[in-house]
Amino acid sequence: MFFPNLILNSLALTSAVLASPIELAERQTTPQKLRIMPLGDSITEITCWRALVWDQFAAANLASSVQYVGSQNSNPQNCRPTTANWDQHHEGHSGWLAVDIANNYLEGWLKKTPADIVMFMLGTNDVTRGKSTAEVMDAYTKMVGIMRGANPRTKIIIDQMIPLSYSNAAVQAINAQIPAWAAKLNTTESPIVVADCYTGFKTSDLRDGVHPNANGDKIIASRVGPLLLNYVRQSLGK
Ligand SMILES: *[C@@H]1O[C@H](CO)[C@@H](O)[C@H](O)[C@H]1NC(C)=O
């Protein structure tokens, strides 16, 4: 027992000596970046509002304190925000339904890339495939349970969906239920806030009847960004 202990002690001593004072200071003062998961469908994947929100982090001097997380790392719309080196990770999956993500995928995604903050807009594909309002609300509830199972302190932003240029009634029905649903599931440990991405969003802010154009991206970023910055400041104690 004497010799192994001696060896371990001298190894610990050596590595302490090898680390420069600057490295040691960095280890002590660099906090882990806050992990933000942008979760959704094509309105999260093939759009530019994620990039515009990143500009808000940069403008608030918070960009070095945060990272986007998710299994995807892409910029399919070739977005060019002011911040050239914005983080392109996300969990947006074009064409996917909230019910499928809740039932089959979210648990695994959060295992792979844990998150401190999850913001999501989902339900548009459910609506176009005829899922009921109740099925979508149930999927939202299941997703919140999965987020909290993965991290009991998850801070959550749910977006009210942007309009569809056709058959908008189902979108409106789900959006109408979101505030009371969120208030009911809200807790101090894992707050939920609602980003209203619907009010004032016109069908002329869509590029193809479904996805935001440049102006639509600006509207989404202006509704989601401030809530996200609030969460980040709270988390950092700023
Ligand atoms: C949830 O609670 C927080 C305070 O902890 C509050 O700011 C927020 O508005 C609440 N969310 C909803 C949807 O009521």
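Reader: Is the crossing of helix 4 and helix 9 right-handed or left-handed?
Author: The crossing of helix 4 and helix 9 is right-handed. A crossing is called right-handed if the near helix is turned clockwise from the far one by less than a right angle, and left-handed if anticlockwise. Helices (H or I, at least four residues) and strands (E, at least two) are DSSP runs, numbered from the N terminus.

Reader: Before we continue, what kind of model is this?
Author: This is a predicted model, in which local features need pLDDT of at least 70, side-chain atom pairs count only at pLDDT 80 or more, and totals for chains, interfaces and linings use all residues. Residues are numbered from 1 along each chain as its sequence is written, and side-chain values use heavy atoms, with hydrogens and water left out.

Reader: Back to the helices. At roughly what angle do the axes of helix 4 and helix 9 cross?
Author: The axes of helix 4 and helix 9 (residues 214-236) cross at roughly 45 degrees and come within 8 Å. Axes are lines fitted to C-alpha atoms, for helices over the stretch in contact, and angles run from 0 to 180 degrees between N-to-C directions. Helix 4 and helix 9 are therefore oblique to each other; angles under 35 degrees count as roughly parallel, over 145 as roughly antiparallel, 65 to 115 as roughly perpendicular and the rest as oblique.

Reader: Which residues make the contact?
Author: Helix 4 contributes Trp 49, Leu 52, Val 53, Gln 56 and Phe 57. From helix 9, the residues include Ile 220, Ala 221, Val 224, Leu 228 and Val 232. Contact here means heavy atoms within 4.5 Å.

Reader: How do the residues of that contact divide by class?
Author: The contact of helix 4 with helix 9 has 11 nonpolar, three polar and two charged residues. Ala, Val, Leu, Ile, Met, Phe, Trp, Tyr, Cys and Pro count as nonpolar, Asp, Glu, Lys and Arg as charged, and the others, Gly among them, as polar.

Reader: What about helix 7 and helix 8: how do they cross?
Author: The axes of helix 7 (residues 133-150) and helix 8 (residues 169-185) come within 10 Å and cross at roughly 35 degrees. Helix 7 passes helix 8 in a right-handed crossing. Among the residues in contact are Val 136, Tyr 140 and Val 144 of helix 7, and Ile 174, Ile 178 and Trp 181 of helix 8. By class, this contact of helix 7 with helix 8 has nine nonpolar, three polar and one charged residues.

Reader: Changing topic, how many disulfides are there?
Author: A search of the whole structure finds one disulfide, that is, a pair of cysteine sulfur atoms within 2.5 Å. Cys 48 is joined to Cys 79, with 2.0 Å from S to S. The pair links distant parts of the chain, 31 residues apart. Cys 48 is in the loop between helix 3 (42-45) and helix 4 (49-59), and Cys 79 in the loop between strand 3 (72-73) and strand 4 (89-92).

Reader: Why is the disulfide left-handed?
Author: The torsion about the S-S bond of Cys 48 and Cys 79 is about -90 degrees, so the disulfide is left-handed.

Reader: Is Cys 79 buried or exposed?
Author: Cys 79 is buried, at a relative accessible area of 6%. Buried means under 20% relative accessible area, exposed over 50%, and partly exposed in between (1.4 Å probe, protein chains only). Cys 48 is buried at 17%, and Cys 197 is buried at 0%.
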